[in-house]
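Okay, everyone, have a look at what's on the screen. I'll talk you through a sheet and then a pair of helices.

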Amino acid sequence: MPKMPRIAVVAPTPLAVVEATAALTETTRSEHDESGVHIHPGGQGLWMARMARSLGAEVTLIGPFGGELGPLVVTMLRDLDLTVRPVPYPAGNGGYIYDLRDGERHVIAHMPPPPLSRHEFDDLYGVALVEGMDADLTVITGCEPADVLPAEFFERLIRDIRASGGRVVADLSGDAALAAIRAEVDVLKIAHDELLDAELADGESVPKLVAGARKLIDDGVGAVVVSRAEKPALVVDADGVHELITPPVSTHEHRGAGDSMTAGIAVGIARGADLVDATRLGAAAGALNVTRGGLGTGNRDTIERIAEHVEIKEH
């Protein structure tokens with residue numbers, strides 16, 4: 001069994017998510033009504049942290065928590081066996097209320113978190129830096145909305161963690177992704193449409209996406225993983241280009257698949273796997289996640305067995 005790595009996850013915008021759901025079938029509805037209201041910790045970093053823990057990593061999650069929702073989210077995260085390093089956030093965390101009772105996801109209410117103040121910025125930076133120094137690997141995630149933190153935060157944090165000998169996987173978009181590129185992040189995971197939006201590639205064909213990723217490698221990024229929704233992901237580094245072909249599965253919920261993929265990549269690298277094997281684990285985590293209703297959830301044994309069925313195609 002691979003060692004249990006220590007992973008730090010920086011989550012600038014933890015959320016509380018409330019969902020109203022219906023029973024799974026008419027039979028269960030009549031015999032035992034499973035409809036109800038469910039509350040979960042949510043947001044990109046929290047889904048990644050949860051998946052990384054499912055894969056056997058020791059996970060420390062760093063983020064701002066406060067207001068009415070923050071303490072509740074911290075309690076839920078600790079119940080999931082995650083170590084939480086909360087930074088005080090008097091303005092309070094954001095959240096969503098969804099109605100899923102007709103099988104579709106409808107937003108009933110959305111409360112976005114406000115930008116961090118200067119003191120909150122400094123406190124979050126300090127905690128993230130020291131946890132990143134102590135971890136085997138740090139995962140840095142973005143903000144929702146993007147203006148919660150300036151891009152400077154991501155560039156400086158990545159540079160400082162790497163300067164201390166740490167490794168960083170970033171799953172970012174927009175200005176934050178550009179900041180990670182300037183900081184020469186070890187691995188940048190980015191969706192193909194975000195690559196296009198940032199004008200880092202001039203087309204969505206495989207050759208054009210690969211050309212864009214290779215330019216980032218030339219600029220100092222260690223490796224680029226380009227997710228492409230239902231299409232095979234691309235892995236580009238100085239050694240070459242690989243395509244990840246996952247087994248076809250029926251999609252129950254597509255949200256969170258990319259975050260699960262990033263978590264799998266991070267855990268694989270932190271265990272000591274090479275980039276291709278780490279992304280194989282990530283692809284398997286993402287593939288399993290789309291079959292489930294819970295975001296960032298999955299069973300370690302199941303994911304590692306799916307990984308054995310992920311085909312690697314070298315370009």
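Strand β2 (residues 15-21) and strand β6 (residues 94-99) run parallel, joined by 6 bridges. Strands here are DSSP runs of E with at least two residues, helices are runs of H or I with at least four, and both are numbered from the N terminus. Take E19: its bridge partner in β6 is Y98.

Quick caution: this is a predicted model, where local features need pLDDT of at least 70 and side-chain atom pairs count only at 80 or more, while totals for chains, interfaces and linings use all residues. Residues are numbered from 1 along each chain as its sequence is written, and side-chain values use heavy atoms, leaving out hydrogens and water.

Now, which strands make up the open sheet? There are 4, ordered β3-β2-β6-β7, with mixed pairing; two strands pair if DSSP finds at least two bridges between them. β3 (36-42) and β7 (106-111) sit at the edges with a single partner each, so one side of each has no neighbour in the sheet.

Helix α3 (residues 70-79) packs on the sheet, touching β2 and β3, where contact means heavy atoms within 4.5 Å. The direction of α3 makes about 85° with that of β3. Angles run from 0 to 180 degrees between N-to-C directions, and axes are lines fitted to C-alpha atoms, for helices over the stretch in contact.

The axes of α9 (residues 257-271) and α10 (residues 275-289) come within 7 Å, crossing at roughly 145°. Among the residues in that contact are M261 and I265 from α9, and L275 and L281 from α10.
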